[in-house]
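Please open the model in your viewer and colour it by chain, so that each stop below can be selected in turn.

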Number of protein chains: 2
Amino acid sequence: MPSWNDGAAKQAIINLVHATTDPSSANFVPVGQRFATFDQDGTTWVEHPMYTQVVFTFDRVAALAPQHPEWKTTEPFKTVLAGDKAAMAKFTMKDLMAIFVATQTGMSVEAFQQIARDWLATAKDPRWHRPYTDLIYQPMLEVMKYLRANGYRTYIVTGGGQDFVRVYAEQVYGIPPEQIIGSAISTQYTYDKSGAGILMRPPKLLLNNNFSGKPEDIYLFTGRHPQAAFGNSTGDQQMLEYTEAGPGAHLMMIVLHDDAQREYAYGPADGLPATDVGTFTQALYDEAKSKGWIVISMKHDWNRIFSWEK
Amino acid sequence: MPSWNDGAAKQAIINLVHATTDPSSANFVPVGQRFATFDQDGTTWVEHPMYTQVVFTFDRVAALAPQHPEWKTTEPFKTVLAGDKAAMAKFTMKDLMAIFVATQTGMSVEAFQQIARDWLATAKDPRWHRPYTDLIYQPMLEVMKYLRANGYRTYIVTGGGQDFVRVYAEQVYGIPPEQIIGSAISTQYTYDKSGAGILMRPPKLLLNNNFSGKPEDIYLFTGRHPQAAFGNSTGDQQMLEYTEAGPGAHLMMIVLHDDAQREYAYGPADGLPATDVGTFTQALYDEAKSKGWIVISMKHDWNRIFSWEK
């Protein structure tokens with residue numbers, strides 16, 4: 001893990017691997033039962049100033065606007081088309097859901113995948129002028145590789161859309177679709193014109209994979225407690241607690257965004273600026289410290305954030 | 001696959017493996033993307049005269065009756081306690097759900113697993129006087145092993161309860177919990193007295209993994225089409241269709257219970273007696289024949305049904 005500075009955070013990862021893979025360890029876990037869960041937004045890639053999937057959603061409004069002239073005068077679409085970023089930042093969950101339903105439901109799952117794939121191939125982050133899939137944290141890729149080299153399966157457990165993340169996760173994280181657990185709408189089985197079975201995307205939420213949804217969905221998908229969990233916000237608290245509640249050795253880590261120079265700085269934990277995107281409260285910070293969870297300082301623990309940095 | 005007689009059914013399995021694992025094949029599938037789904041009741045183990053989990057559910061009524069004196073006079077519990085098998089066979093889904101809610105919800109997921117484990121260790125099938133987990137079809141175990149030896153992951157995709165099947169699936173099928181897709185209730189994250197995170201079982205159905213639910217949940221869990229699917233009843237039809245709709249080579253197989261001597265005989269396909277437990281209609285039989293799906297005759301294709309047969 002060359003992008004990690006020596007210190008307590010790096011050492012804690014190594015210690016977990018030793019404790020769970022050494023056959024003489026009291027906390028040995030057989031291969032096949034070793035797994036680690038990673039939140040995505042703010043934990044394995046950049047989430048500021050806005051979640052990538054929300055940017056995608058707004059871009060879909062612009063792309064579909066010619067077919068929806070009524071959006072010019074209908075909220076919340078009008079605000080998106082006007083490009084009013086201050087107003088968009090204040091959208092409620094209801095606003096975002098209305099946009100999501102209008103732009104990302106009603107098609108087949110394959111059609112949605114193609115739309116997401118096309119967007120990811122061309123969209124660029126405005127700060128670094130790079131594809132969003134370049135904004136993965138190199139140290140987290142190294143943790144994933146280190147864990148996999150030691151018989152762990154790695155999972156993404158994200159509040160983001162499962163279908164969206166599955167489009168690129170194998171390529172950018174080396175994580176196959178069946179190890180992506182995310183928020184998900186129901187699908188509806190029906191038949192295409194040729195009579196072949198297809199799955200459509202109706203506007204109905206099945207899994208809201210945030211907060212308590214994370215342990216609930218980890219259990220639904222795997223039936224087990226992870227040995228390690230990585231998060232960065234209050235939406236990950238229950239996943240970390242559930243990991244800690246499992247048998248044997250475990251590791252709970254939280255990324256603190258404290259490097260405005262190289263990435264962003266927000267909390268409000270540890271005196272950092274408050275944010276609605278990836279909130280890391282002082283209460284969670286204190287809980288982490290009191291329970292021995294490891295807070296990863298991007299500034300001090302990571303000597304490199306992106307693979308393409310000089 | 002020594003329990004299979006030579007013939008079209010056995011050959012079709014071998015052909016799929018050759019087509020998907022030979023690097024020179026047009027239908028080659030890389031390791032990691034190869035997977036096969038198996039219905040459970042009637043496909044990998046005995047489902048007659050009654051689904052095993054329903055037997056478990058009725059046994060739970062008897063076990064819990066001392067704490068519920070009102071059940072002696074309240075339906076559907078009264079009928080179960082009276083042991084009236086004819087009346088129990090006529091229970092509606094609403095009756096069964098009332099019993100399920102009263103006996104299998106309200107506890108933690110670990111408490112439920114222990115109850116299921118204890119029951120499986122002692123309960124015996126009345127015909128063969130053996131544990132239910134002895135009633136696995138040996139030919140299907142051989143298919144699973146053959147597929148796994150060729151880089152396939154094997155999944156159970158069952159209308160039965162995911163939590164119930166996960167208790168024994170690793171031991172009897174060699175299939176880990178994360179490869180069991182079944183009907184599932186929601187879980188609810190909360191805290192035990194020590195403050196540790198736990199998951200409870202509220203009486204709320206999340207996934208009904210039958211009929212269209214099978215392809216929908218296969219997609220939810222894996223994001224892909226299987227290359228092979230095995231079923232035995234109308235509840236598996238959509239899973240087989242969805243498998244057929246996938247890219248490349250695929251194999252759809254349906255077990256026909258046509259051996260009253262060694263197991264049971266029911267359809268009503270192919271002139272066999274009708275049943276409400278694992279119904280295999282003539283329409284499905286005709287669809288299978290017209291589409292080239294393989295109907296497995298237990299009588300003719302399997303030279304051994306159970307591992308412990310002489």
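The tour that follows goes from the whole interface to single pairs of side chains.

This is a predicted model, in which local features need pLDDT of at least 70 and side-chain atom pairs count only at pLDDT 80 or more, while totals for chains, interfaces and linings use all residues. Residues are numbered from 1 along each chain as its sequence is written, chains are lettered from A and ligands numbered from 1 in the order in which they are written, and side-chain values use heavy atoms, with hydrogens and water left out.

**The interface as a whole.** Select chain A and chain B together: 37 residues from chain A and 37 residues from chain B take part in the contact (heavy atoms within 4.5 Å). Between them the two chains bury about 2,900 Å², with 52% of it on carbon and sulfur atoms; buried area is the accessible area (1.4 Å probe) that two parts lose on being put together, summed over both. Now pick A:Tyr189, A:Tyr219 and A:Leu220, which supply 23% of the area that chain A buries against chain B, more than any other three residues.

**Polar links across it.** The interface of chain A and chain B has 22 residue pairs in polar contact, both residues being at pLDDT 80 or more; such a contact is a pair of N or O atoms within 3.5 Å, and within protein one must be able to donate a hydrogen and the other to accept it, residues adjacent in sequence counting only if both atoms are side-chain atoms. Next, select α9(A), which gives the largest share of the side of chain A that touches chain B, six residues (helices, H or I, of at least four residues and strands, E, of at least two are DSSP runs, numbered from the N terminus).

**Salt bridges.** Six salt bridges cross this interface, each a side-chain nitrogen of Lys or Arg within 4 Å of a carboxyl oxygen of Asp or Glu. Zoom in on B:Arg153 and A:Glu178, whose side chains meet in a salt bridge at 3.0 Å, N to O.

Finally, select A:Arg153, A:Arg224, B:Glu170 and B:Glu178, which are linked in a network of salt bridges.
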